[in-house]
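Q: Hi! I have a structure open here and would like to talk it through with you. Could we start with how you decide that strands pair?

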Amino acid sequence: MSTRIAFLKGHGTENDFVIVPDPENAIDLSPAAVAALCDRRAGIGGDGLLHVVRSAAHPEARDMAAEAEWFMDYRNGDGSIAEMCGNGVRVFARYLQRAGHVSAGDTAIATRGGVKTVHIAKSVSDSGSAAGDITVGMGRALLPEGDVTVSVGGRSWPARNVNMGNPHAVAFVDDLAHAGDLYTPPPFSPAAAYPDGVNVEFVVDRGPRHVALRVHERGSGETRSCGTGACAVAVAAARRDGADPKVTGIPATYTVEVPGGTLVITERPDGEIEMTGPAVIVAEGVIEPEWLENALR
């Protein structure tokens with residue numbers, strides 16, 4: 001890389017991302033480069049990287065170009081590829097709005113988990129300085145059958161297997177401290193349930209339709225928030241509480257506290273799930289090519 005690469009930094013409920021605009025997919029972002037950029041001590045720092053590409057310019061998204069102009073080529077902090085990131089989609093949409101590619105209202109974003117519908121609310125302040133929340137249509141949850149168990153230290157819990165375009169294991173616990181440090185992936189069984197690894201959510205109740213979680217995201221460790229994880233938790237809680245919208249015919253809305261803030265998740269009777277929360281751009285700059293070259297040696 002011989003030229004400076006533009007970047008931005010953003011977060012959604014403190015799930016933070018390096019944003020690399022690259023409309024024509026001209027930048028080769030290797031796993032090592034992504035990991036270097038996401039390094040919190042020697043790089044920019046982030047739970048993941050949002051590579052902003054026009055759908056028509058990316059081989060994985062060309063068949064979605066008619067529905068969504070922009071593709072979120074999402075990478076985990078270790079450089080690995082992920083199917084979806086709920087907080088990432090909101091931050092991705094906020095970047096598109098900031099760059100003038102979209103306006104407040106509805107837009108569509110292509111992801112490896114399919115095309116997601118996004119609604120950007122208008123400014124919520126009289127001065128116009130505060131951006132409104134962003135609502136993402138997260139699609140439907142899949143609930144694979146079979147018992148799953150997750151463990152930390154000497155404790156084990158049954159977990160609900162929920163797929164939100166990426167895999168989740170949701171365990172209800174008495175105390176969030178029981179999740180341990182979450183630096184390393186919590187062991188799970190059976191191994192065949194998640195052949196490519198899993199995001200693990202530990203959940204406690206805060207009140208009616210109100211829960212809190214801690215999460216280990218595969219490829220990133222413990223993060224301050226996980227949007228798909230919050231959706232998975234709301235789905236699992238609704239089934240546990242006898243509030244499955246497909247059965248009751250009534251939408252189920254849960255407030256989900258994450259370490260970095262609060263998300264509101266609604267599952268409709270048709271199975272569609274919506275996630276609402278903030279998204280903030282905090283900085284922008286350029287990546288020095290010499291630094292990146294040295295980081296990859």
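A: Two strands count as paired when DSSP finds at least two bridges between them. A strand here is a DSSP run of E that is at least two residues long, numbered from the N terminus. Keep in mind that this is a predicted model.

Q: Which residue in S6 is the bridge partner of Ile109?

A: Lys116 is the partner of Ile109 there.

Q: And what sense does the pairing of S6 and S7 have?

A: Antiparallel, with four bridges between S6 and S7, the latter covering residues 134–140. If you want a pair to click on, His119 is bridged to Thr135 in S7.

Q: Let's jump to the start of the chain. Which strands pair with S1?

A: S18, residues 280–287, is one of them, antiparallel to S1 over seven bridges. S2, residues 15–21, is another, and it is also antiparallel to S1, over five bridges. On the S18 side, His11 sits opposite Val280, while on the S2 side Gly12 has Asn15 as its bridge partner.

Q: What does the turn between S1 and S2 look like?

A: The two strands make a hairpin with two residues between them, and Thr13 in that turn has a positive phi of about 45°.

Q: Why would you call S1 largely enclosed?

A: Because six of its eight residues, in the range 5–12, are buried, S1 is largely enclosed by the rest of the structure. The cut-off for buried is under 20% relative accessible area.

Q: OK, helices now. How many residues does H2 have, and how far does it reach?

A: H2 spans residues 86–98, so 13 residues at 1.5 Å a residue would give an expected 18 Å, and the helix reaches 19 Å from its first C-alpha to its last, close to that expectation. Just after H2, Gly100 has a positive phi of about 85°.

Q: Is H2 enclosed or open, and why?

A: Largely enclosed by the rest of the structure, because 11 of its 13 residues are buried. Among the buried ones are Val89, Val91, Phe92, Tyr95 and Leu96.

Q: Which residues touch the most others in the largest nonpolar core?

A: Met72 and Ile265 do, in a core of 53 residues. H3 gives the most to this core, with nine residues. There is also a second, separate core of 17 residues, including Val148, Val152, Ala169 and Tyr194.

Q: What does Met72 touch, leaving out residues up to four places away?

A: Its contacts include Gly88, Val89 and Phe92, along with Leu50, Met84, Ile109 and Ala110.

Q: Charges next. How many salt bridges does the structure hold?

A: It holds 21. One of them joins Arg239 and Glu267, with N to O at 2.7 Å. That pair links distant parts of the chain, as Arg239 is in H3 and Glu267 is in strand S16 (residues 261–267), 28 residues apart.

Q: Are Arg239 and Glu267 buried or exposed?

A: Both are buried. Compare Asp270 and Arg268, which meet in a salt bridge at 3.3 Å, N to O: Asp270 is partly exposed at 37% relative accessibility, and Arg268 is partly exposed at 31%.

Q: Which residues do shared partners join into one network?

A: Lys9, Asp16, Arg40 and Asp47. Within that set, the side chains of Arg40 and Asp47 meet at 2.9 Å, N to O, and Asp47 counts as buried because its relative accessibility is 6%.

Q: Last one: where is Asp244?

A: In the loop between H3 (227–240) and H4 (245–248). At 17% relative accessibility, Asp244 counts as buried. A polar atom of the Asp244 side chain lies 3.0 Å from the backbone nitrogen of Lys246. Beyond its neighbours within four places in sequence, Asp244 is in contact with Ala238 and Arg239, and Arg239 is the residue that meets Glu267 in a salt bridge.

Note on methods: Residues numbered from 1 in each chain as written. Predicted model: local features only at pLDDT ≥ 70, side-chain atom pairs only at ≥ 80, totals over all residues. Heavy atoms only, no water. Buried < 20%, exposed > 50% of the residue type's maximum accessible area, 1.4 Å probe, protein only. Polar contact = N/O pair within 3.5 Å; in protein donor to acceptor, adjacent residues only side chain to side chain. Contact = heavy atoms within 4.5 Å. Core = buried A, V, L, I, M, F, W, Y, C linked by side-chain atoms within 4.5 Å. Salt bridge = Lys/Arg side-chain N within 4 Å of Asp/Glu carboxyl O.
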